[in-house]
Amino acid sequence: MSNEEDLNQKVRAGLGIARFLKSHGISYVFGIPDVLTLGFYDGILNTDGIEHILLNDERNAAFAADAYARVSGMVSVCDAGAAGAMNLPVALSEAEGAGSPILAIIG
């Protein structure tokens with residue numbers, strides 16, 4: 001299949017997001033599964049080269065993404081469901097203050 005045909009292939013949103021992240025060099029996503037993010041987790045499961053790191057809560061996931069971004073110098077990704085997203089602001093504020101490139105995906 002050519003690249004053009006691959007780009008025109010219809011995929012579910014979660015798989016598309018996982019493929020997009022992988023194509024931009026993301027290898028790890030830190031977070032906790034939620035009913036609203038299950039499609040995204042299915043996409044991660046079906047995308048080679050991208051791995052999910054399960055943590056205790058969403059705040060820890062954001063802190064882990066911050067630490068990974070600081071060490072690697074690359075964009076890091078954390079995720080949370082709708083209710084769990086309320087745990088992200090403290091860690092994301094810390095990451096912003098340090099200039100860490102973090103992408104938070106909220107279900």
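**Ground rules.** I number residues from 1 along each chain as its sequence is written, and I use heavy atoms for side-chain values, leaving out hydrogens and water. Because the model is predicted, local features need pLDDT of at least 70 and side-chain atom pairs count only at pLDDT 80 or more, while totals for chains, interfaces and linings use all residues.

**Entry 1: the sheet.** I started with the strands. I took helices (H or I, at least four residues) and strands (E, at least two) as DSSP runs, numbered from the N terminus. I let two strands pair if DSSP finds at least two bridges between them. I found an open sheet of 4 strands in the order β2-β1-β3-β4, with parallel pairing. β2 and β4 (102–106) stand at the edges, each with a single partner strand, so one side of each has no neighbour in the sheet. On average, neighbouring strands here are turned by 30 degrees against each other, direction ignored.

**Entry 2: pairs around β1.** I checked β1 (residues 28–31) against β2 (residues 51–54) and found parallel pairing over 4 bridges. Gly31 stands opposite Leu54 in β2. On to β3 (residues 76–80): 3 bridges join this strand to β1, and the two run parallel. Phe30 stands opposite Cys78 in β3.

**Entry 3: the crossover.** I followed the chain from β1 over helix α3 (residues 38–45) to β2 and noted a right-handed β-α-β unit. Right-handed here means that, with the strands pointing away from the viewer, the path from the first strand over the helix to the second runs clockwise.

**Entry 4: α4 against α5.** I fitted axes as lines to C-alpha atoms, for helices over the stretch in contact, with angles from 0 to 180 degrees between N-to-C directions. The axes of α4 and α5 come within 8 Å and cross at roughly 15 degrees. The two helices are therefore roughly parallel to each other (angles under 35 degrees count as roughly parallel, over 145 as roughly antiparallel, 65 to 115 as roughly perpendicular and the rest as oblique). I recorded the crossing as right-handed (near helix turned clockwise from the far one by less than a right angle; left-handed if anticlockwise).

**Entry 5: salt bridges.** I looked for a side-chain nitrogen of Lys or Arg within 4 Å of a carboxyl oxygen of Asp or Glu. I counted 3 salt bridges by this rule. For accessibility I used buried for under 20% relative accessible area, exposed for over 50% and partly exposed in between (1.4 Å probe, protein chains only).

Arg59 and Asp57 meet at 3.3 Å, N to O. Arg59 is partly exposed at 34%, whereas Asp57 is buried at 18%.

Asp66 bridges to Arg70, with the closest N and O atoms 2.9 Å apart. Both lie in α4 (residues 58–72), 4 residues apart, about one turn of the helix. Asp66 is buried at 3%, and Arg70 is partly exposed at 45%.

Arg70 also meets Glu94, at 3.6 Å, N to O. This pair links distant parts of the chain: Arg70 in α4 and Glu94 in α5 (residues 89–98), 24 residues apart. Glu94 is partly exposed at 43%.
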